[in-house]
Amino acid sequence: MKKSKKKEKKPGFTGIKELGTSMKKNTTLYIFLILPIIYFVVFKYIPMFGNIIAFRKYVPGQSYFGVSWEGFRYFEMFLKDEAFWNAFKNTIVLSGISLLICFPIPIIFSLLLNELMQKKFKKVVQSVTIIPRFLSVVVVVAMMNAMLSPSTGIVNRIIEYFGGEAIYFMNDPFWFRIIYICSELWQFVGWNSIIYMAVLSSADQEQYEAAMVDGAGKIKQAIHITLPIMLPTIAINLIISLGNILNIGFEKVLLMYTPTTYETADIIQTFVYRIGLMGANYSYGTAVGLFQGVISLTLLWMANRITNKRWGCGLW
């Protein structure tokens, strides 16, 4: 008997057919995707074409893409600019400290919160720590200014009560990084712990019961069961954090810093804002922003490659 030849499926056609079937079944979901797609196209992808003015001279009122080619002149300018390197150093230091402190604390917080047996108290703690995330950056900075005011702030009142002198916290370069990190912790620890709590809630309880039978305590359970469960989520969050290491909170820094704190407060984004927008040197600012984007992309790629090799979990 002759074997019947099976018709080869065309993968391209099958993919389009499957997409059409999926769109028919999930029409509402695809409709909801329209606005996010438009947002990313209009505000993220189309503006990328503006990076060309990093290599061309831009004159306000003339062509959006510059009037003449300048090559790498603007890159050479900021690479020789001491103010840029000070901003670059401040960005690395502030982002590094933020990563070392603000990244592990939500993990520790979620582990501790997971051990609470009283559900009502657990919900109260979660609610109290998540609420600051919904406050505007303007409100947060205004609260810090009110609390740390040298004349009326409650912190300086306490210092003076114990015989100390009032400290100008918001105008002191030494205190800027400490205040920034503390405000980030207060505002985002509860919010960043949500994803870890979601992972822990789906953990297999039989593993914990078996570990308890074998005599493993809470610490050993956390090391050998809980952390391996959380590892893929931790790895992905770490990749994203490393990719954003040069994109530290621009709005908060802009509202917090003053000319007296430029020494430690001026970061790449505020430098670009001050030189590029306020100083109307658009091509120069674009060159700095493009340089920042290339470094961020490189860090993201390296972090993803390392986590894929070491733990087998990455963004792609």
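Student: At roughly what angle do the axes of helix 7 and helix 9 cross?
Tutor: This is a predicted model, and in it the two axes come within 12 Å. Helices here are DSSP runs of H or I with at least four residues, strands are E runs of at least two, and both are numbered from the N terminus. Axes are lines fitted to C-alpha atoms, for helices over the stretch in contact, with angles taken from 0 to 180 degrees between N-to-C directions. For helix 7 and helix 9, the crossing comes out at roughly 125 degrees.

Student: So what do you call the orientation of helix 7 to helix 9?
Tutor: Under 35 degrees is roughly parallel, over 145 is roughly antiparallel, 65 to 115 is roughly perpendicular, and the rest is oblique. The axes cross at roughly 125 degrees, which means helix 7 is to helix 9 oblique.

Student: How many nonpolar residues does the contact of helix 7 with helix 9 have?
Tutor: Ala, Val, Leu, Ile, Met, Phe, Trp, Tyr, Cys and Pro count as nonpolar, Asp, Glu, Lys and Arg as charged, and the others, Gly among them, as polar. This contact has no charged residues and 2 polar ones. The nonpolar count is 5.

Student: Before we go on, what sort of model am I looking at?
Tutor: Residues are numbered from 1 along each chain as its sequence is written, and side-chain values use heavy atoms, with hydrogens and water left out. Local features need pLDDT of at least 70 and side-chain atom pairs count only at pLDDT 80 or more, while totals for chains, interfaces and linings use all residues, as this is a predicted model.

Student: What handedness does the crossing of helix 5 past helix 9 have?
Tutor: Helix 5 (residues 104-114) and helix 9 (residues 173-192) have axes that come within 8 Å and cross at roughly 55 degrees, and are therefore oblique to each other. A crossing is left-handed if the near helix is turned anticlockwise from the far one by less than a right angle, and right-handed if clockwise. Helix 5 passes helix 9 in a crossing that is right-handed.

Student: And which residues of helix 9 are in that meeting with helix 5?
Tutor: Helix 5 brings Ile105, Pro106 and Phe109. Helix 9 answers with Leu185, Val189, Gly190 and Asn192.

Student: Is Ile248 buried or exposed?
Tutor: Ile248 sits in the loop between helix 12 (218-243) and helix 13. Setting aside residues up to four places away in sequence, Ile248 touches Leu94, Ser95, Tyr180, Ile267 and Gln269. Buried means under 20% relative accessible area, exposed over 50%, partly exposed in between (1.4 Å probe, protein chains only). Ile248 has 7%, so it is buried.

Student: What relative accessible area does Gly153 have?
Tutor: You'll find Gly153 in the loop between helix 7 and helix 8 (154-161). Beyond its neighbours within four places in sequence, Gly153 is in contact with Ala146, Met147 and Leu148. Gly153 is buried, at 0%.

Student: What phi does Ala280 have?
Tutor: Ala280 is in the loop between helix 15 (268-278) and helix 16 (282-310), and is partly exposed at 43% relative accessible area. Most residues other than glycine have a negative phi. Ala280 is not a glycine, yet its phi is positive, at about 60 degrees.

Student: Last pair: how does helix 12 run to helix 16?
Tutor: Ala235, Ile239, Leu242 and Gly243 in helix 12 meet Ser296, Leu299, Leu300, Ala303, Asn304 and Thr307 in helix 16. The axes come within 7 Å and cross at roughly 160 degrees. That makes helix 12, relative to helix 16, roughly antiparallel.

Key
Contact = heavy atoms within 4.5 Å.
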